[in-house]
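Work through the exercises below with the structure in view. Try each task before reading its solution.

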Amino acid sequence: MTSENRSNTDSAQTLTVITTHINADFDAVGSLLAAHKLYPGSHVVFPGFHEKSARNFFVQSMAYLFNMIDIKNLDISKVKRLVVVDTKQAGRIGDLAAIIGNPDVEIHLYDHHPALPTDIAGDYEITRATGANVTLLAEIIREKGLDITPEEATIMCLGIYEDTGAFTFPSTTESDFFAAGFLVSKGANLYTISNLMSKEMDPRQINLLNELINAAEHHSINGMDVVITSVSCDEYIHDLAFLVQKMMKIDNLNAVFALALMKNKIYLAARSNTPLVDAGAIAREMGGGGHGFAAAATIRDNTMAQAEQRLVEILHRHVSAKQCAQEIMTSPAIHADEGISCRDAQKLLSRYNINALVVTRMSDGKDRLAGYISRQVIEKALYHDLDTVPIKEYMTSEIATVGPDAGIGEIQEKIIDNKQRVLPVMENDRIIGVITRTDLLNVLVQESREKTAMAMDPLQDPVLPRTKNIISFMKERLSDRVLALLRNVGEVAHEMGFSAYLIGGFVRDLFLYRHNEDMDIVIEGDGIAFAREFARRSDARINTYDKFGTAVIIFPDAYKIDVASARMEYYSFPAALPTVEMSSIKLDLFRRDFTINTLAVSLNPAGFGKLIDFFGAQRDIKEKVIRVLHNLSFVEDPTRVFRAIRFEQRFGFKIGKLTSSLINNAVKMDFFKRLSGKRVFAELRHILEEDNPVPALSRLNEYDLLKTIDPSIQHTPKMMTHFNAARKVLAWYDLLFASETCNKWTVYLMILIRHAGEENAEAICRRFELAPKHQKIFIRDRRVAEECLARLHRSGGLQNHLLYRALKDFRIELILYMMALTPNEKIVKAISFFVTDLRHTRLSVSGKDLQALGLSPSPSFGRILSAVMDAKLNGELKTCQDELDYLTNYVAGI
């Protein structure tokens, strides 16, 4: 409100005092100075400063610009005009609040905060929503043509920069830019402003910031992710608001409320970058004030626990939710044609685990909405032997719908008033999704996000995903090439009208700080069509698998990307391979094995870097827990048990209590008997390829799962001794950085087969459907290696040439297998010496040298060269000339 203008010049009889709020910031200081220019002869009273840096800046640099008076030396009875800047709250101006309400004192207000019922009533007011309060006063200075010095312009401009976050806060207005431009034209020194804005943290502040971050708790309030953090310290540490702003930027948070207990006082600093969380309104209920994006309060007469509880209650009252049908619906909608039988409809309900089915009718070549039918109706129809009757006979045809932008109120009204189990969401006469009664209930009561992941159902009990932008984290963790590749994936998908997501283990390992080059991309749309187009643009080739809607893009440097269409899987019977259908990213993630593998990152340009978490993956990663997504997970695919154990041991996690119970149930029900040996081998091989598979094998034994490999395998101390020895031997070989690659799983599997007994070796290989070359290794070659090892034991010790002859024909896996089996340290050293020093010994002389000595090619060449090799292996020959001389003498002696 702006009243008529009046003279701002003090007379001899009029004492004008200018003040601002306690804990003044730079915007308040700049406003004081600007008001001092508008009221010549006035006195300035500073009620207190927000930070040491501001106080030092004022005392050392600005005192001469003000006609400053200490409140202790002020005769309040002589004050005839009180000018208040950057606040309208009497409780925030200290002792001067005593003259508020005095009819002999004019009150002039200059404030940019939202109006409140408790505001001071002014005789003259300039109030308007701007990013900085000094903007209001700078405009008046400009309009009046008042002269200001570069120093004064710098101080005022500093206030604008601070309160707008250098023009980045959402409260920044056009007026702030114009005011700053005016002040720069008057000589405002941006270099000085930059130095003052760049605050360096002292060690105490750094420690406090770390405590704020570590104590952060995420609260889901009306669909918004709000962070509350609380800390305590014995001394007052200034700049709490600055630290909260830092925290907000570091973790890319939407809203942060920090409570800090310092010297028996609790301070609240609040920051918000969303209009759905009004920090100012919340702080006002806590006894403070501020803007929608930044606010503070000093809390008295409360313990920290009481303050936290009070804050949460206020948040629940003030945080608004702007949710629409499109945000909470499940898509795509599961539907059925009106002509299918009740029996087939019941199968659909069971397959997708839903309680209501949308019914469609084909018209003009398109599926049109016809109604819906519930599980209860179907079950009653089957009870009365109406299995073959079309569902159109019993469906509810009078069905309400909503558009994608419908609000919660409209959704609630249509579901409740119509007693409707499922509410179709329509766009251009097309069903784009459905909202169930449970969907609505989740929104209204905001079920705890910590709900056990196994109880979730993507169609019946959907939850709103946790999302946050992780671009900065991705830049920190990924190479420039990978980042550019991901952006390119998103751009191509966008051009094709698809949505692209980075999913699975790659995202999981980002947060576990583990290296992972296995990049999986899911496309909401035709994944194979996308892969073909992307490969064409990237000069890459692809392999496609039409049955599963997947493809592999292979770049010229052999780097690979796996691409899949977002899909839903269902299982015809326990342990069957899945049947695949097109789906959405949410349902695609739900089909995955464990919650920790359900993270997705959006790659399309509009949302690049947005992390999506439907099923509490971040929580389980933080808590280091392996959990399945639903209770029938191991029934549908028992091989997930092996993966649970593998991930548990790889990451140092723990299998969740319910998940562990479900594993025991799967073993008890013997769902593994229907697994093919090939699938069991694939999972076992993955376990044996881990850096240390020994703990995983022990866990397999704890769950009585070794019998799924073969009933004859027993978890004995001797077998575990051999496994531990193999791990040490393989680690030793890795440190050699040898050019010959060793397949670790081969060594471990030979030990398993050995302990299963020779009579079972061939049966195990047949069950695993091993290729003939692998069967030869695990049966014949393994036995030959064991016989060779027995001979080495009997010999006690061998010359180098005899050791070479004994071992030279074995592949490296068999050699390392022998090292793992023997308890004889002398034999271990001998074999290791063969690997490091003898195995790759080669002669410099050849048959050509024998021919040069006058011999004709014959079988004797081999015996002669073998004699030279023996001498070289035994250390008798050091150089090429030594070999040639030995060869010459040997021939001469024949």
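Predicted model: local features only at pLDDT ≥ 70, side-chain atom pairs only at ≥ 80, totals over all residues.

**Exercise 1.** Find the salt-bridge partner of Asp593 and state where both residues lie.

*Solution.* Step 1: Asp593 pairs with Arg643, and their closest N and O atoms are 3.1 Å apart. Step 2: Asp593 sits in the loop between helix H20 and strand S25, while Arg643 belongs to helix H23. Step 3: the two residues are 50 residues apart, and the pair links distant parts of the chain. Step 4: Asp593 is buried at 11% relative accessibility, and Arg643 is buried at 15%.

**Exercise 2.** Explain why the salt bridge between Asp429 and Arg368 ties together parts that are apart in sequence.

*Solution.* Step 1: the closest N and O atoms of Asp429 and Arg368 are 2.5 Å apart. Step 2: Asp429 is in the loop between strands S15 and S16 and Arg368 is in strand S14, so the parts tied together are 61 residues apart in sequence. Step 3: Asp429 is partly exposed at 47%, and Arg368 is partly exposed at 21%.

**Exercise 3.** State how many salt bridges a search of the whole structure finds.

*Solution.* The search finds 42 salt bridges.

Key
Residues numbered from 1 in each chain as written. Heavy atoms only, no water. Salt bridge = Lys/Arg side-chain N within 4 Å of Asp/Glu carboxyl O. Helix = DSSP H or I, 4+ residues; strand = E, 2+ residues; numbered from the N terminus. Buried < 20%, exposed > 50% of the residue type's maximum accessible area, 1.4 Å probe, protein only.
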